[in-house]
Amino acid sequence: MIERQTIETDILIIGGGTAGCMAAVEVKEKFPQYKVTILEKAHIDRSGCLAGGMNAINAYLNKGETPESFVRYVRSDSCGLIREDLVKSMSELFEYCVKKVEKWGLPILSDENGDYVPRGRWNIKINGESLKPILAKAARSAGAKVYNWITVTNLLTEGERVTGAVGFSLRNGKLYVVNAKAVLIATGGAAGLYRPNNAGDASHKTWYSPYNTGAGYAMGIRAGAEMTSYEMRYVALRTKDAIAPTGTIALGAGAPQVNAKGERFMVSRYADIGGDGAPTPYRAHGPIQEIKAGRGPVYLDTRGISAEKVTDLKKAYLDMYPSQVLYWLANDIDPGAEPVEVQTTEPYIVGGHCQSGYWVDVDRRTTLKGLYAAGDVAGGAPFKFVSGCWAEGVLAARAMGSDIERMEEKVLVSEERIAAEERRAFGPFENHAKMKHGIKSSELESRLQKIMEQYAGGASTYYEMNEEMLAIARKKLADLPQEVSGLVAEDLHQLMKAHEVIDRIDVAQVLVEHMAYRKETRWPTYHTRTDYPERDDVNWLKFVNSVRDPQSGKIVLMTRPYEQLVPGDRYKP
Amino acid sequence: MPVWIDPDKCNGCHSSRQPPCLRMCPGDLIVKDHSVNKAYLKYPEDCWDCLPCIKVCPEEAIEFHLSYQFGSREATLAPHIHKDRDFITWDAVDVRGKKETFTIRTKVMKIALDEQVEDSEQGLDFSI
Ligand SMILES: Cc1cc2nc3c(=O)[nH]c(=O)nc-3n(C[C@H](O)[C@H](O)[C@H](O)COP(=O)(O)OP(=O)(O)OC[C@H]3O[C@@H](n4cnc5c(N)ncnc54)[C@H](O)[C@@H]3O)c2cc1C
Ligand code: SF4
Ligand code: SF4
């Protein structure tokens, strides 16, 4: 018998990360009468993307920039197609959010005039080693109730309305049932859909948090929420092996990309779209083409930067990604004397860098009543980074607060629905007791990653795909949902791991349908269709969206129109 | 093994049921073996190298080494939080034994030795 704990709240936040913590504070400040509950899979002090720290806020309107100039930049960086309403609305709140977090204690570098020190056009420098504990403390002090170690497994729905969520505790094994008037999903993006860059004891040496496994996407998919742009995957250019962000080097030290022959290939081959400043997908696509053509490895040319710059670089990594510094120490590398080798990552689904995620309105309402989305899990608005995730948390908080003011009664779901979710959530646990040859989550993970890697545009095929490959991926993935019924978990940690794979299977199926549906190549490498190698504005200047029918399980694809709000050439920043 | 808890230095945070290293790991990878009163990294293959575990250990009992596949295990990187909690100093030792230090501003938040203390401060019932 599984013990149950039922929690009544006004607002439930799933995922106490960057967006979730900020949303909690905003609700408590603007609507103090409402009870806010956070369910977090780990401990909010050090969970999610920010666990290791941050060294910059990558989306900020530095002096002279406006929401319009930001929209123009993000639009061209995303190859002419974004939700301009979403990008504009988040940029209007960057300053509001950053000032708040500075007040809570985050050290931000300022110059003698009190202006923040830019690091590139849209970035400011911070000492963000403790950014996550700072946010967590703010959320707690504001009065949000935090439940750590709860892996949320599903939303509760009644008709078209989301009424709460269910999860289990990693610590006491209880089933947590939360009834709420409004639910914010803020669980971040998805790593681990494809084979990671490294193996063995470094298989989780990924760039994106390996513990963000697409739970929020999967819950929405299962509940029938409309999703957008999964085909715009994120393939990141990162340092070789350590997989650390390269913006720190490119922006911080002004280092350009060069190939094995020392050629600045972005300048020689991609001059027409901006050279070293080409849209982000091209800055991953360019180096891959060099390697494919036998001109690899590819480097960021840091040679000749001053000793002081090298120290700054190391300090910047210590604030965000310390293992990069250890890598240099262990391999006797001085980035001032030799260039830094780079590589591209496994494809991630991250709505904060690209735009895969929930289809939301400008107030971050999803298509399901009572459900809101913010941060990497929300779609349509790339270039979010930490500040955009905060801004979306604020927008969602304000919408939730004012929406529930008009709501009379909480809707409660039936006991059968909760019991069904209890069986689903604890299934792998029960299997362990009765199955001799059960499937371990690591085995199912390998099977999923093998399919995605080989047939759905993984790194080993240079991220390329065509109709036929995707058809094989679709067919092979179709077998996996049945396999889930044979998953075993011997303890609560393994049960969490089982759900991480279950969620990724649901996400992968939707991803493959999206990649098959968009018959053009708008974002090379993110989505390289060898059978449709060109961008096609006549037919595809629109969003690819999907809904999985909760009854039949069928994934239905559709398109939504693009709306240009900020005038100008869509391909010029 | 990227992160290694030195059993000679770890004191299990005394009677803590859930010591800070265990609570701050975003992947839930560290376990305390109550029979010997020491913590260990149970799932090294799942480690992200993000280091909250190291930063919060009051005994500085946790070491950080590179996964051997990436290079020498001899180099080390160790953060030390200053008493005022406004600075962090990193001791970096390279493969040849050369030491360098980096001191950086920060704002470290206090953390209790055990989860129950934290939960009771919040008035949460979190009986384990
Ligand atoms: C290594 C790295 C470095 C970066 N550096 C920078 C930088 O310097 N500057 C910058 O601006 N941006 C940076 N970014 C991007 C930025 O950090 C992210 O876009 C942003 O933090 C995402 O916020 P989020 O709230 O969507 O997700 P997160 O902050 O990751 O929060 C998601 C939360 O949901 C929880 N969760 C997940 N699944 C469940 C579940 N099933 N049940 C309950 N809870 C769950 C997670 O534990 C986590 O706490 C970086 C990202 C990474 C990965
Ligand atoms: S925090 Fe340090 S001393 Fe305490 S249990 Fe963990 S490793 Fe041991
Ligand atoms: S480095 Fe990060 S993932 Fe690894 S054990 Fe420490 S806290 Fe956990």
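1. A residue is taken as near a molecule if one of its heavy atoms lies within 4 Å of it. On that rule, ligand 2 is surrounded by residues of chain B, including Cys10(B), Cys13(B), Cys21(B) and Cys57(B). Ile5(B), Asn11(B), Gly12(B), Pro19(B), Ala39(B), Pro58(B), Glu59(B) and Ile62(B) also belong to this shell. By class, the shell has nine nonpolar, two polar and one charged residues; Ala, Val, Leu, Ile, Met, Phe, Trp, Tyr, Cys and Pro count as nonpolar, Asp, Glu, Lys and Arg as charged, and the others, Gly among them, as polar.

2. The model is predicted: local features need pLDDT of at least 70 and side-chain atom pairs count only at pLDDT 80 or more, whereas totals for chains, interfaces and linings use all residues. Residues are numbered from 1 along each chain as its sequence is written, chains are lettered from A and ligands numbered from 1 in the order in which they are written, and side-chain values use heavy atoms, with hydrogens and water left out.

3. Ligand 3 lies between chains A and B. Of the 14 residues around this ligand, those that come nearest are Cys25(B), Cys47(B), Cys50(B), Leu51(B) and Cys53(B). The shell of ligand 3 comprises 13 nonpolar, no polar and one charged residues.

4. Asp201(A), Tyr211(A) and Leu326(A) supply 13% of the area that chain A buries against chain B, more than any other three residues. Contact (heavy atoms within 4.5 Å) takes in 62 residues from chain A and 58 residues from chain B.

5. Six salt bridges are found across the interface of chain A and chain B, each being a side-chain nitrogen of Lys or Arg within 4 Å of a carboxyl oxygen of Asp or Glu. Asp46(B) and Lys497(A) also meet in a salt bridge, at 2.7 Å from N to O.

6. Over all chains, the structure holds 57 salt bridges. In one of chain A, the closest N and O atoms of Arg398(A) and Glu26(A) are 2.8 Å apart. Arg398(A) lies in helix 12 (residues 385-405) of chain A and Glu26(A) in helix 1 (residues 18-30) of chain A, so the pair ties together parts that are 372 residues apart in sequence. Helices (H or I, at least four residues) are DSSP runs, numbered from the N terminus.

Terms used: Buried area is the accessible area (1.4 Å probe) that two parts lose on being put together, summed over both. Helices (H or I, at least four residues) and strands (E, at least two) are DSSP runs, numbered from the N terminus.
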